[in-house]
Amino acid sequence: MPSAAASPRAWQRMLSGRRLDLIDPSPLDIEITDIAHGLARVARWNGQTTGDQAFSVAQHSLVVEMIFRHLKPSASPDECLVALLHDAPEYVIGDMISPFKAVMGGDYKKIEKRLEEAVHLRFGLAPATPKTLKALIKRADRISAFFEAIELAGFSEKEAAKFFGRPRGISRDMVLLDPLPATNVQKDYVKRFEEIEALRGNIRKRA
């Protein structure tokens, strides 16, 4: 009989009761409530931000989706949902900062990609994001990172511009960067999800 060490556990139990396999994730084991709960408790910048609360990935995702809509006012509800869910895999694998991702290499990216595809399938989206859409969401992500870096993470404006580029068309007063308590931002994330789902014609009840 194989020892326990030969078969390490590769799944995580969620508060919804789902058991998500990190290596081979099933869309059936993904719930928006688990995503919102997890992302609201994952800190951006490894927690190295100012304020009494951590600036969570859930709040960052809301900011990115808002910026995305400003960049593309004609965005479809499906596209807005992809933007909102752009960091969804981090609800189980955490927010790994870019320098560490570069060190980790391919395995991390493979797991992240599988989780992203499973999330997309769970909510009726194409598994892979089209390149043009991905690029625009990435631009919104970098704009958010620019303001976060200056306002929360101790970067100078010059440093932030070097790493993330200077934003065009979006000003600081347009983004909410005051870190919110986890329970508040968790509710805000689910609320925005439900608003988008209503536009898509898929109104889901909260678990």
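Is Asn46 buried, exposed or partly exposed? Asn46 is partly exposed, at a relative accessible area of 49%; with a 1.4 Å probe and protein chains only, buried means under 20%, exposed over 50%, and partly exposed in between.

Before I continue, a word on the source. The model is predicted, so that local features need pLDDT of at least 70 and side-chain atom pairs count only at pLDDT 80 or more, while totals for chains, interfaces and linings use all residues. Residues are numbered from 1 along each chain as its sequence is written, and side-chain values use heavy atoms, leaving out hydrogens and water.

Asn46 lies in the loop between helix 1 and helix 2, helices being DSSP runs of H or I with at least four residues, numbered from the N terminus. Its phi is near 55°, a positive value in a residue other than glycine. Trp45 is found in the loop between helix 1 and helix 2, with phi near 60°, also positive. Trp45 is buried, with a relative accessible area of 17%. Most residues other than glycine have a negative phi.

Beyond its neighbours within four places in sequence, Leu85 is in contact with Ile32, Val119, Phe123, Leu125 and Tyr189, contact meaning heavy atoms within 4.5 Å.

Terms used
Helix = DSSP H or I, 4+ residues; strand = E, 2+ residues; numbered from the N terminus.
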